[in-house]
Amino acid sequence: MKTKLYFLLLLGIISCNKEPKIIDKPIEFGELREQLTLDYMKSHYGIVQDSPIIDPKMIVIHWTAIPTLENSFKAFVNTKIGSHRTKINTASQLNVSSQFMIDLDGTIYRLMPENYMARHVIGLNHCAIGIENVGGTTDIPLTEKQLKANIWLVKYLKNKYDIDYVIGHYEYTNFENHKLWLEKDKGYRTKKTDPGKDFLFKVKNATKDLGFKETPN
């Protein structure tokens with residue numbers, strides 16, 4: 001009986017300590033989305049190239065402010081942006097997107113190739129990998145499991161790419177005078193609060209040993 005109990009406890013410890021897996025859950029990324037992405041890179045950043053590949057230098061953490069994975073995914077899956085996104089749809093027909101999405105239970109989904117440009121942060125898409133977190137509202141706050149998954153994913157990406165910065169979406173305008181900032185449209189800005197200062201602080205604090213640079217003031 002004692003041996004059986006010990007074995008069950010050992011299995012529980014192993015189960016709790018196993019690393020997260022990245023599950024592929026691709027959005028539409030056919031010829032039209034690729035062309036709209038290339039058009040966006042040219043018109044907004046002055047970058048002309050044959051493929052939407054980027055050289056990632058930062059990770060931008062977001063929340064979807066949508067309570068479920070299913071509906072959060074629906075916001076990104078289509079190639080063209082909806083007419084209801086009136087604050088940003090005049091800048092491009094390209095739909096918003098992100099390389100990753102993390103559900104409330106901490107499950108990590110990869111929505112598109114990690115080094116393809118996603119439209120998730122003004123001025124910096126050409127060098128930024130986005131992590132969207134389901135939820136983020138008062139009723140559906142971000143979870144501890146999401147926090148742990150974000151920390152793991154940041155470490156994974158830092159190990160794979162030459163990442164210099166980890167920022168919250170609300171910090172993106174701090175880069176307006178930085179060499180990474182390439183936005184040509186001076187009137188194209190939105191005010192953001194995601195993923196919340198407390199959540200971002202915890203991610204940065206847990207990954208400070210990786211040597212990320214400070215976000216510009």
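## First stop: helix α5

Select helix α5 and then its neighbours: the buried residues of α5 pack against β2, β5, α4 (144–160) and β6. Helices here (H or I, at least four residues) and strands (E, at least two) are DSSP runs, numbered from the N terminus, and a contact means heavy atoms within 4.5 Å. What you see is a predicted model, in which local features need pLDDT of at least 70 and side-chain atom pairs count only at pLDDT 80 or more, while totals for chains, interfaces and linings use all residues. Residues are numbered from 1 along each chain as its sequence is written, and side-chain values use heavy atoms, with hydrogens and water left out.

Which residues of α5 are buried? They are F199, L200 and V203, where buried means under 20% relative accessible area, exposed over 50%, and partly exposed in between (1.4 Å probe, protein chains only). Looking down the axis of α5, you find these buried residues within an arc of 95°, so they line one face of the helix; the arc is that of the directions from the helix axis to the C-beta atoms. Now select K197, D198 and F201, which are exposed on the other side of α5. F201 has a relative accessible area of 54%, and its C-alpha lies 29 Å from that of N95, a residue 106 places apart from F201 in sequence.

## Second stop: the second largest pocket

A pocket is found on a 1 Å grid over the protein atoms alone, as an open set of points where a 1.4 Å probe fits, with protein on both sides within 12 Å along at least five of seven lines, and its lining residues have an atom within 4 Å of a point. This pocket holds about 270 Å³ of space, a volume being the space filled by probe spheres set on the points, with grid points joined across faces, edges and corners. Helix α5 gives the largest share of the lining, 3 residues.

Move to helix α3 (residues 69–77) and select L69, S72, F73, F76 and V77, which are buried. They cover an arc of only 130° around the axis, which puts them on the same side of α3. To see what they pack against, show α2 (31–45), β3 (100–102), β4 (108–110) and β5 (128–133).

The largest pocket has a volume of about 640 Å³. Of the 33 residues that line this pocket, F76, R85, I88, V96 and K192 are the closest to its centre. The largest share of the lining, 3 residues, comes from α3.

## Last stop: the nonpolar cores

Which residues touch the most other members of the largest nonpolar core? Among its 38 residues they are I27, M58, L111, M117, L124 and F175, and a nonpolar core is a set of buried Ala, Val, Leu, Ile, Met, Phe, Trp, Tyr and Cys residues joined through side-chain atoms within 4.5 Å. The largest share of this core, 5 residues, comes from α2. Apart from this core lies another, of 22 residues, including I61, I151, Y161 and I163.
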